[in-house]
Amino acid sequence: MKITNQDAATLINGTDGKVFSVKFVTRGSGEVREGRFRLGSTVTVGRAGGVAAYSFSGKGLISVYRMAGDESASDGQWRTIPIEGIKWVKIDGMEYEVGQ
């Protein structure tokens with residue numbers, strides 16, 4: 001099923017703590033990344049320093065936690081996914097291709 005980037009962001013924001021997969025392009029280097037994540041607001045491990053200095057949504061980003069055991073994320077890591085860079089998302093076994 002093909003959806004827009006905003007639809008993908010809405011699906012991700014509705015995961016309610018479930019693990020999901022995303023393939024996206026980073027803003028800085030243009031690198032393509034793929035991984036398993038949980039929505040940032042549902043994860044409490046590894047948080048230090050309190051509230052972020054800026055609004056993720058105001059910058060078109062989704063704050064996520066990359067799951068431990070994923071490639072190159074052995075201890076789990078915090079990431080931000082640029083909404084405009086999402087290429088596909090898999091949630092609850094349903095895979096969505098993302099395009100403008």
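Reader: In which strand is I3 found?

Author: I3 is found in strand 1. Strands are DSSP runs of E with at least two residues, helices are runs of H or I with at least four, and both are numbered from the N terminus. This is a predicted model: local features need pLDDT of at least 70, side-chain atom pairs count only at pLDDT 80 or more, and totals for chains, interfaces and linings use all residues. Residues are numbered from 1 along each chain as its sequence is written, and side-chain values use heavy atoms, with hydrogens and water left out.

Reader: Is I3 buried or exposed?

Author: Start with the cut-offs. Buried means under 20% relative accessible area, exposed means over 50%, and partly exposed is in between (1.4 Å probe, protein chains only). I3 has 10%, so I3 is buried.

Reader: Which residues is I3 in contact with?

Author: Contact means heavy atoms within 4.5 Å. Leaving aside neighbours within four places in sequence, I3 touches A8, L11, V89, Y96, E97, V98 and G99. Take G99: it is 96 residues from I3 along the chain, yet their C-alpha atoms are separated by 6.3 Å.

Reader: In what order do the strands form the sheet?

Author: Pairing comes first. Two strands pair if DSSP finds at least two bridges between them. Here seven strands form an open sheet in the order 1-7-6-2-3-4-5, with mixed pairing. Strand 1 (2-3) and strand 5 (77-82) are the edge strands, each pairing on one side only.

Reader: How many bridges join strand 4 to strand 5?

Author: Six, and the two strands run antiparallel. Strand 4 covers residues 61-66.

Reader: What does helix 1 touch?

Author: Helix 1 (residues 5-13) packs on the sheet, touching strands 1, 2, 3 (32-39), 4, 6 (86-91) and 7 (94-98). For directions, axes are lines fitted to C-alpha atoms, for helices over the stretch in contact, and angles run from 0 to 180 degrees between N-to-C directions. The direction of helix 1 makes about 35° with that of strand 6.

Reader: Where is S21, and what is it in contact with?

Author: S21 is in strand 2 (residues 20-25). Its relative accessibility is 18%, so S21 counts as buried. Beyond four places in sequence, S21 is in contact with G35, R36, W88, V89 and K90.

Reader: Which backbone oxygen does the side chain of R38 reach?

Author: That of G17, at 3.0 Å. R38 lies in strand 3. R38 has a relative accessible area of 24%, so R38 is partly exposed.

Terms used. A polar contact is a pair of N or O atoms within 3.5 Å; within protein, one must be able to donate a hydrogen and the other to accept it, and residues adjacent in sequence count only if both atoms are side-chain atoms.
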